[in-house]
Amino acid sequence: MPPLLPPALFLMGPTASGKTGAAVELVQQLPIELISVDSALVFRDMDIGTAKPDATTLARAPHHLIDLISPLEAYSAAQFRTDALSLMADITARGKVPMLVGGTMLYFKALEHGLSNLPEADPATRAELDEEAALLGWPAMHAKLAEIDPDTAARLQPGDSQRIQRALEIWRLTGEPMSAHLARQTSQPLPYRLTKLALMPSDRAVLHQRIAERFDQMLAHDFLGEMRQLQASYPGLHLDLPSMRCVGYRQAWEHLAGDTDYATFRDKGIFATRQLAKRQMTWLRAMVDTTTLDCLAPDLIEQVAQHVARALSTASQS
């Protein structure tokens with residue numbers, strides 16, 4: 001009989017669904033330890049615009065994988081998987097249960113199923129693609145991608161420069177479309193007994209209102225001041241870096257450059273956040289073996305705690 005796998009928890013949901021609040025309360029009640037699953041929280045000095053938990057919250061419930069790198073650096077899904085697996089092994093060895101909490105669905109997928117053996121990024125190829133995009137625009141590059149890899153192009157927006165560039169890069173480096181590489185992906189199952197919880201809104205309009213209110217709170221806490229400080233502290237910062245692709249930061253940059261007025265900046269920031277939430281919910285609806293809870297329920301934290309406690313009890317009795 002194979003050895004029983006240790007338990008692990010996923011707490012997922014769109015932005016503004018209450019994941020952090022629920023996770024912080026659970027740490028007070030149960031023997032769990034938190035690992036952040038958020039591609040924006042890895043950046044140092046990006047606190048307000050990413051809605052990073054504040055010092056008081058982190059003192060109550062420490063999160064791993066926050067403040068790892070500078071805004072000039074990049075962090076991949078592959079690096080996340082390596083770091084998360086190491087942390088999970090350490091947490092389990094100390095008799096606790098890892099809870100992975102966040103909204104970067106690609107990271108969750110990479111951790112649970114592994115990654116395909118795609119080629120490493122090639123700076124020269126990327127520079128060539130950037131030059132072409134500067135002349136033609138990313139919608140035209142998306143049209144090129146549709147000719148060579150229609151499956152990948154169909155799931156990308158014409159303005160999604162980062163992913164369009166990656167798909168074209170893979171084609172140029174290997175002569176094969178990205179979709180063909182992904183189809184050959186071999187599963188690397190996670191060596192844990194997973195309980196996956198998804199916090200989803202029963203009324204999307206209420207989530208949209210939460211998003212708008214939170215963006216206004218960021219503005220009230222001087223998000224634009226944070227953006228100015230980033231530009232001053234990191235002279236090499238530019239819009240094509242992964243850090244500046246985080247929701248809100250590109251819009252703030254454009255506003256400070258004089259490209260938009262304040263009202264337009266606010267509207268574009270809120271709209272971009274809503275689009276992020278929409279993408280996150282699309283990912284979540286496609287995930288299997290996931291328990292969905294209404295993130296707008298007044299007893300949400302109690303519901304999450306009950307599901308987690310039940311999962312831990314089942315694990316301990318097996």
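Modeller: Threonine 15 is buried, at a relative accessible area of 9%; buried means under 20% relative accessible area, exposed over 50%, and partly exposed in between, with a 1.4 Å probe and protein chains only. This residue sits in the loop between strand 1 and helix 1, where helices (H or I, at least four residues) and strands (E, at least two) are DSSP runs numbered from the N terminus. The model is predicted, so local features need pLDDT of at least 70 and side-chain atom pairs count only at pLDDT 80 or more, while totals for chains, interfaces and linings use all residues. Residues are numbered from 1 along each chain as its sequence is written, and side-chain values use heavy atoms, with hydrogens and water left out.

With neighbours within four places in sequence left aside, threonine 15 is in contact (heavy atoms within 4.5 Å) with Leu207, Ile211, Arg214, Thr273, Ala277 and Gln280. Glutamine 280 counts as buried because its relative accessibility is 7%. Its own contacts, again leaving aside neighbours within four places in sequence, are Gly13, Pro14, Thr15, Gly103 and Met105.

Now the annotation itself. According to the unreviewed UniProt entry, "binding site" covers Gly13, Pro14, Thr15, Ala16, Ser17, Gly18, Lys19 and Thr20. UniProt positions are given in the numbering used here, feature names are shortened, and annotations may be inferred rather than shown by experiment. Of the annotated residues, Gly13, Pro14 and Thr15 are also among the contacts of glutamine 280.

Alanine 16 lies in the loop between strand 1 (7–12) and helix 1 (19–29). Its phi is positive, about 70°, although alanine 16 is not a glycine. At 12% relative accessibility, alanine 16 is buried.

Threonine 20, also under the annotation, is placed in helix 1. Its relative accessible area is 34%, so threonine 20 is partly exposed.

Leucine 65 has a positive phi of about 65° and is not a glycine either. Leucine 65 is found in the loop between strand 3 (63–64) and helix 3 (77–93), and at a relative accessible area of 9% it is buried.
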